[in-house]
Structures are given as C-alpha cells and as structure tokens.
Amino acid sequence: MQPFLKSKLENTGISIFTVMSVLAAEHKAINLGQGTPDFEISEELIGLVNKAMQDGHNQYSHRNGLLALREKIAEKIEFLYGNKVDPSIQITITPGATYAIFTALTTVLSPGDEVIVFEPAYDSYVPTIKVNGATPVLIELQYPDYKIDWQLVKEKITPATKLIMLNSPNNPTGTILTEEDIWQLREIVEGTDILILSDEVYEHLVFEGNQHESILKYPDLFERSFVVFSFGKVYQCTGWKMGYCVAPDQLMKEFLKVHQYNCFCCNTPVQYALASFLNKKNEYLQLPDFFQAKRDYFQSLMAQTKFKALPSYGSYFQLYSYKDISNESEFQFAKKLTEKAGVATIPVSAFYQNGKENQVLRFCFAKKEQTLNEAVSRLCNFQDRLYK
Ligand SMILES: Cc1ncc(COP(=O)(O)O)c(C=O)c1O
C-alpha cells in the first residue's frame, strides 16, 4: 500500500513555460514564450570561468558567496544606487533569483501570515508563499497599463500582513515602478512591521531613459527589505542560475540560517569569473540601449500584423492584445499560434491564480534579429491564411 501523502501544492500542475516549450518543440515553433535569449553570451566571461577552473577554484566556497564577488556587488550597488551595503553580511550569492525568493519567503513566513502579491505575477511567488503555509493576498494590476492601485493595497492590509512582493521591471507586463509608487509604498509600510521582497532581476532593462527605482536607493525601505537580483539576466546566461540577495543585517542573518541548510554555497569558478567581469561597467551599462533597440525592432516588425502592443518600459517582454484577431481564450489562441503559425508565446492568464483573461499574450524579444524576423513573418502568414 502506498503511504498517504497530502500535497502542499494541491492545485499546482506543470508550469505554463514547460507546457508551451514542449508544444513549441513538438511543432517546431519559434519559441518567443520562454524568457531566454538565443544569442551568444560574452566569450570573455566564458574564458574567465574556464580560467577559474584551471586555476583550481573547484571546491566549496564561502556560505555567503565569494568575498571578492560580494565586494564587487557592493561597489556596483554604491555606483548605481548610492547605497553603501556591507559585503561581509548584507549580500548573499545564491543559485539564481528564484532560490533567493524561496529562501527569503521561507525565512520570514509562518502559517497565518498574509503576503500582498500583484498579478499578473512571476510564477514562483504564490506557490512559495503557500508551501510556507502563508496566504497570498492577490491584487490585480490595472489593465491595460498595469499600474498598482495603492488605495486597494491600503484596503488589503491587515494585522496579518507580513510582506509585500514587488517586481520592477515587471514580468510579464514590462511596467516599472515610479517615484510616486515608492512614495505610496512608504506611506503604507511606515511605522509597521511589514517587510518587502523586491524582485529586481531586470534592473538594467529599463527603457526610454527611465531610472530603475531600486529599493536599494531608499534606506528607510531597504531596512525592511530583501532585494533580489539575477546574473542570468545581466549577462544573458540564464542557464547558469546565479543571483544574489541584498538585505539588512538582521534579515540576512536569518536568511543565511535557511540558506546554509539548503544549497550552502554556489558554483565557485563562476563566482570567480563574475567577480572579475563586474569590473567592466560597460557590460551592464549598455543593456538598456541594447534591449530597447530589440524591443523597438520587434515592435516595428509587429506593426505589420493586427496585434496591438501594450506599453513595455522594461524587461525582456512585450505584451500584445489580439482582440482584433480572435475571440478565443488566451491559452487556446497561444496553442493555435504555436500549432498553426509556428510561434510560441505565453498566455498572460497563466500569471493569474484565477486565470483572468484580457486577450493578451507575452512575447519575449530577447532574441536575434533573424529569429524575430522569422517569427513575425510566420505570424503575417498565419494572419493572411486566417483572412483569406
Ligand atoms: C521576475 C523574475 N524573477 C525571477 C526570475 C528568475 O531568475 P533566476 O533564473 O535567476 O532564478 C525570473 C526569470 O524569468 C523573473 O522573470
């Protein structure tokens, strides 16, 4: 007889990213669904990892991460956000940002706690909150510009509110927090014990000269925050799964207690390579222009179709409404595009717990021009067949 097992995530199936990627492979579709760049990463960075391995840096490193890397991150934070964080305790290197989010939430949440989550939301947030026995309090961003309704946030705060999750630039919407949002947030948390988890993995992908409103810029907010980053999104090496968390002493001490019994430490040679590569400021300073050009190029191609672009101010992503093409549900239409047009996307309804429909799909434009050309040419073809 099999033992009885009560699932901690009863209603959780396979993630939409896996579903769409499997479908894309089956139908040889161009995968604009998954947020992974398809161009080569820096050869110099690869060389540095190689060198670190050959130099013998192949054993466990410090629990908090290689000190040299933490020091370089602290320098970068001071340079970008004017905040002097202490690399000896306030930074921990993690195997990706998702791990950092999981660890931060596991560190602070207990059954009965409530966590404010804005939807559409990155897919790991809600399951991680639930695994920890806490309750996600879901607040919809306002379609079509996906702004936060701060009045609604105030109404949802209760004595059980433990934490507010933020994500700017936002996946999947491409919206960014403004200074006004920061003021509103401050008004809500001031004088409370509410914590903040700020997912800033797309910190460098902010367009049109806008500034990234990092929580690290605001000492009064940072003192109650975990701020999470991903090297995968900075150096386009998502498969390396390397990131870090920045938090004040008291929060980081607790974070480390959980971290040390999970992965304990991260890939050592990669940390050596990143510590050296971070000296090259231009590698990250050129990212806004590089990705804005990609977004603009993709938009100029998509202008030939009946898809309507929603504003994207940052991230790898661009949302498109297909209202003028089909009445089908987002999943049905995304499936049809994959099977019949040969282009895979992600239905935005998958980023809502209640599957909310706005007839919007997420496209990833972090791809070679050749890939974007072929994808849009397939969409035009599909559209022509549809209207013939
Ligand atoms: C908003 C957001 N947070 C976190 C991550 C995950 O980052 P990592 O690959 O470093 O775990 C992603 C990846 O797509 C993301 O979009």
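Predicted model: local features only at pLDDT ≥ 70, side-chain atom pairs only at ≥ 80, totals over all residues.

By class, the shell around the ligand comprises 4 nonpolar, 5 polar and 3 charged residues. The residues that surround the ligand are G96, A97, T98, Y122, N167, N171, D199, V201, Y202, S230, K233 and K241. As for the space that the ligand takes, it is the second largest pocket.

Which atoms of the protein lie 2.8 Å from an oxygen atom of the ligand? One is a polar backbone atom of A97, and another is a polar side-chain atom of N171. For K241, an N or O atom in the side chain is 2.7 Å from an oxygen atom of the ligand. How much of the ligand does the protein bury? Taken alone, the ligand exposes 400 Å², and the protein buries 92% of that area.

The peptide bond from N171 to P172 is cis, with omega near 20 degrees. P172 belongs to the loop between β5 and α7. A cis peptide bond also links S168 to P169, with omega near -15 degrees. P169 is likewise placed in the loop between β5, residues 161–167, and α7, residues 179–189.

The next residue is H212, in the loop between β6 (195–199) and α8 (219–222). Is H212 buried or exposed? Its relative accessible area is 8%, which is under the 20% limit, so H212 counts as buried. The side chain of H212 makes a polar contact of 2.9 Å with the side chain of E200.

Finally, I draw your attention to the phi angles of two residues. Most residues other than glycine have a negative phi. S315, which is not a glycine, has a positive phi near 80 degrees. S315 is found in the loop between β9 (308–309) and β10 (317–321), and it is buried, with a relative accessible area of 0%.

Q359 is not a glycine either, and its phi is positive at about 55 degrees. Q359 lies in the loop between β12 (346–347) and β13 (360–364). With a relative accessible area of 18%, Q359 is also under the 20% limit and therefore buried.

That concludes my presentation, and I thank you for your attention.

Conventions. Residues numbered from 1 in each chain as written. Heavy atoms only, no water. Near = heavy atom within 4 Å. Polar contact = N/O pair within 3.5 Å; in protein donor to acceptor, adjacent residues only side chain to side chain. Areas by Shrake-Rupley, 256 points an atom, 1.4 Å probe, with all protein chains shown as cover. 1 Å grid on protein atoms, 1.4 Å probe; cavity = no way out; pocket = protein on both sides within 12 Å on 5 of 7 lines; lining within 4 Å. Sits in = over half its atoms within 2 Å of the grid points. Nonpolar A, V, L, I, M, F, W, Y, C, P; charged D, E, K, R; others polar. Helix = DSSP H or I, 4+ residues; strand = E, 2+ residues; numbered from the N terminus. Buried < 20%, exposed > 50% of the residue type's maximum accessible area, 1.4 Å probe, protein only.
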